Amino acid sequence: MLQPKNAMEIFQLLDRSNCQECGEKTCLAFAGAVFKGQKKINKCPKLDRKTIERFCEESEKQNTVEQNREEYLNILKNEIGNIDLAAAAKRVGAHFSGDKLTLKVLGKNFSVDKKGNLSADIHINPWVTIPFFYYVLNGKGLAVSQNWVSFRELKNGSERYPLFQKRCEEPMKRVADLYTDLFDDMVQIFGGKQVEKQFESDISVVLRPLPKVPIMVCYWLPEDGLESSLNVFFDETADKNLDIGSVFTLGAGLAQMFEKLALRHGFPEAGSYQ
Ligand code: SF4
């Protein structure tokens with residue numbers, strides 16, 4: 001079966017009843033899952049065969065990843081207009097004032113207004129915007145439990161864990177091995193907090209890319225002929241306050257940001273994205 005042309009087309013085809021028969025909580029989540037290649041469009045039983053077939057025939061010209069991402073962001077932006085933003089702010093640990101919801105992303109203000117327009121004290125990267133929208137729209141707002149778990153222990157995390165290691169933990173370890181100021185920068189630049197060493201690590205820093213989705217980075221120095229290692233942990237509520245795809249995006253986005261930081265400080269060999 002061919003991939004759909006873009007996320008907007010998927011969303012427009014759905015009846016928006018949020019009946020959950022596809023296994024997703026909302027039609028919006030389903031459209032996003034199809035867009036990201038995690039679900040086939042025919043998993044929605046409300047779509048008739050003719051529509052699916054027609055849709056597939058017309059989707060031969062696939063958009064670029066950037067176009068698809070733009071379309072998906074537009075869907076999320078439109079959905080913001082359909083929710084009570086003040087109530088959402090209360091739910092997700094944000095502040096609401098003057099028609100704007102504002103929360104902290106890595107210690108910096110990040111806002112959205114009732115029309116879905118974003119403004120922030122930091123660069124607005126796609127790796128932040130999609131999780132940010134999802135968090136505001138669908139996050140349960142559960143209080144952080146402070147029980148740390150690996151990505152593979154989160155719901156639907158185990159099958160994606162090998163890719164998470166490749167896109168998040170391995171590049172972060174490479175940066176940490178070379179650029180020794182990384183953990184200071186996490187604290188000074190990104191509002192992180194060094195915490196009591198966890199899991200017998202040599203250093204543990206907690207970052208907050210979203211208020212109720214903290215991420216803990218633990219690093220073990222090389223010792224007795226053993227290589228250094230680095231693992232990333234999430235609060236056990238992460239898969240309730242965010243979808244697993246967005247959790248993945250945050251981890252991979254942070255790793256890429258640290259690679260760029262190392263590059264700026266003269267460690268090009270720390271980067272894999274070039
Ligand atoms: S089965 Fe279809 S209509 Fe129901 S929630 Fe999923 S996408 Fe929406």
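How many bridges join strand S2 to strand S3? In this predicted model, local features need pLDDT of at least 70 and side-chain atom pairs count only at pLDDT 80 or more, while totals for chains, interfaces and linings use all residues. Residues are numbered from 1 along each chain as its sequence is written, and side-chain values use heavy atoms, with hydrogens and water left out.

Strand S2 (residues 100-105) and strand S3 (residues 108-113) run antiparallel and are joined by 6 bridges; here strands are DSSP runs (E, at least two residues) and helices are runs of H or I (at least four), numbered from the N terminus. Leu103 has Phe110 in S3 as its bridge partner. The two strands belong to an open, antiparallel sheet of 4 strands, ordered S1-S2-S3-S4, where pairing requires at least two DSSP bridges. At its edges, strand S1 (95-97) and strand S4 (118-120) each pair on one side only.

Aromatic contacts come next. The whole structure holds 11 aromatic pairs, counted when ring centres of Phe, Tyr or Trp (its six-membered ring) lie within 6.5 Å, with planes under 30 degrees apart called stacked, over 60 edge-to-face and the rest tilted. The ring centres of Phe164 and Phe248 are 6.0 Å apart with planes at 65 degrees, so this pair is edge-to-face. Because Phe164 lies in helix H7 (residues 161-178) and Phe248 in helix H10 (residues 244-264), the pair ties together parts that are 84 residues apart in sequence.
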